Amino acid sequence: MKKLTAVLLAIVLVLALFGCAKQPEPEPTTTTTTTTTTTEAPKQLNPLTGKEMDQRAVGIRPVAIVVENLRPARPQWAIGSSDIIMEGEVEGGISRMLWLYADYTKVPEKVGPIRSARPSYVKFAKMFDAVYIHWGGSHSKADYVGGYETIKKEGVDDIDGMKGGELFGRDRTRSVSSEHRGILNGKKIPSAIKKKKFRTKLNEEKVSEFSFNESVKDAGNDKADKVSVKFSNRTDTRKFTYSTKDKKYHTNDWETDVKFQNLVILMDETKYITTPYKGGSTTYLNYQYKGGTGYYASNGTKTAIKWAVKDGKLTLMSENGQTLNLNPGKSYIGLASSNHEGKVTFSVNE
């Protein structure tokens, strides 16, 4: 009995010792977390509108297309499709337009009526390193330096409808004379540029650069619901009305509704030159691009501005000389004569 008790006691002690023994710690588990940071590619902005554009079009040269503005030419085919419309006086009290597209692959299939080259428009296109597209041009006579001679002198790459080619044709749906029916097939511009072996990469050292706000802001403190631009005492008046619905300036002067985010009016010194023409004479107007004052209207407001052309580039400035920021969107640039009664007027809806 004593032996059994001793054995049981020994077993109990052994179990107690094992129970109190420290059990081995589990191996620590290491968890590795990998964090992947995705960097969003910066938006590529259209240099003429400040809005996003296709990556493939970044850094390529724009095109500048001369378009007629006489009444038989209205409504112009594809008007409102360009990034910028520049308009000013040419001769005989008539105005003409230059349509600028940052991406020449986006020019519509039917554009026009296409008209001839004038010196002021050649020089404006050069400010943006643009390929200049026209149908014909004026020639030098007496003291006048013509459109063709300016193209050569300024070294501007041009595509001329007078030389034929697949780009140009005549629309036969309108009962007007042939000069008001010249059209351009915009879809064939890339192949034409390739055939001519023009440089396609933008020369950033020679191109005018605009600055843009990230979002739409007032141009100034003064309201401008209606804006009228008279290029000189010889021309008609371009009229714009601000819409509170889409916050754009609209005009129906081209017999169709065309809208712009920005109106930029530049007052410039001009020069009239009278030359012989077809048994009579004609008086051409040249813009001198000397710089000066102007106006900027957007979002139903306006402000006075300054502008200059330096090293062949157009610069827009606020009245105190700071860089002018435009609102993102399409722009109208009107050239008014500072010395031949060009006029800009503003009014507010009652």
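In this predicted model, Arg-118 and Glu-91 meet through their side chains in a salt bridge, with an N to O distance of 2.8 Å. Arg-118 belongs to the loop between β3 (95-101) and α2 (119-126), while Glu-91 sits in the loop between β2 and β3, so the pair ties together parts that are 27 residues apart in sequence. Both Arg-118 and Glu-91 are buried.

**Salt bridges**

The count of salt bridges in the model comes to 17.

| Pair | Closest N and O atoms |
|---|---|
| Glu-166 and Lys-195 | 3.6 Å |
| Lys-290 and Glu-269 | 3.4 Å |

Glu-166 forms its salt bridge with Lys-195. Glu-166 lies in the loop between β5 (158-160) and β6 (168-170), and Lys-195 lies in helix α4 (residues 189-196), so this pair ties together parts that are 29 residues apart in sequence. Glu-166 counts as partly exposed because its relative accessibility is 38%, whereas Lys-195, with a relative accessible area of 61%, is exposed.

Lys-290 is paired with Glu-269 in a salt bridge. This pair links distant parts of the chain, 21 residues apart: Lys-290 is in the loop between β16 (280-287) and β17 (292-298), and Glu-269 is in the loop between β14 (262-268) and β15 (270-277). Lys-290 has a relative accessibility of 55% and therefore counts as exposed; Glu-269, at a relative accessible area of 34%, is partly exposed.

Salt bridges also link Asp-54, Arg-56, Asp-103 and Lys-106 in a network.

**The cavity and Ser-82**

The model has 1 cavity of 30 Å³ or more, and the space in the largest cavity is about 30 Å³. Its lining consists of Gly-80, Ser-82, Ile-85, Val-258, Lys-259, Phe-260 and Lys-330. Strand β13 (residues 258-260) supplies the largest share of this lining, 3 residues. By class, the lining comprises 3 nonpolar, 2 polar and 2 charged residues.

Ser-82, one of the lining residues, is located in the loop between β1 (63-67) and β2 (84-89). Its relative accessibility is 2%, so Ser-82 counts as buried, the cut-off for this class being under 20%. The side chain of Ser-82 reaches the backbone oxygen of Ile-84 at 3.1 Å. Leaving aside residues up to four places away in sequence, Ser-82 touches Trp-99, Leu-100, Tyr-101 and Lys-330.

Definitions and conventions:
Residues numbered from 1 in each chain as written. Predicted model: local features only at pLDDT ≥ 70, side-chain atom pairs only at ≥ 80, totals over all residues. Heavy atoms only, no water. 1 Å grid on protein atoms, 1.4 Å probe; cavity = no way out; pocket = protein on both sides within 12 Å on 5 of 7 lines; lining within 4 Å. Points joined across faces, edges and corners; volume = space filled by probe spheres on them. Helix = DSSP H or I, 4+ residues; strand = E, 2+ residues; numbered from the N terminus. Nonpolar A, V, L, I, M, F, W, Y, C, P; charged D, E, K, R; others polar. Buried < 20%, exposed > 50% of the residue type's maximum accessible area, 1.4 Å probe, protein only. Polar contact = N/O pair within 3.5 Å; in protein donor to acceptor, adjacent residues only side chain to side chain. Contact = heavy atoms within 4.5 Å. Salt bridge = Lys/Arg side-chain N within 4 Å of Asp/Glu carboxyl O.
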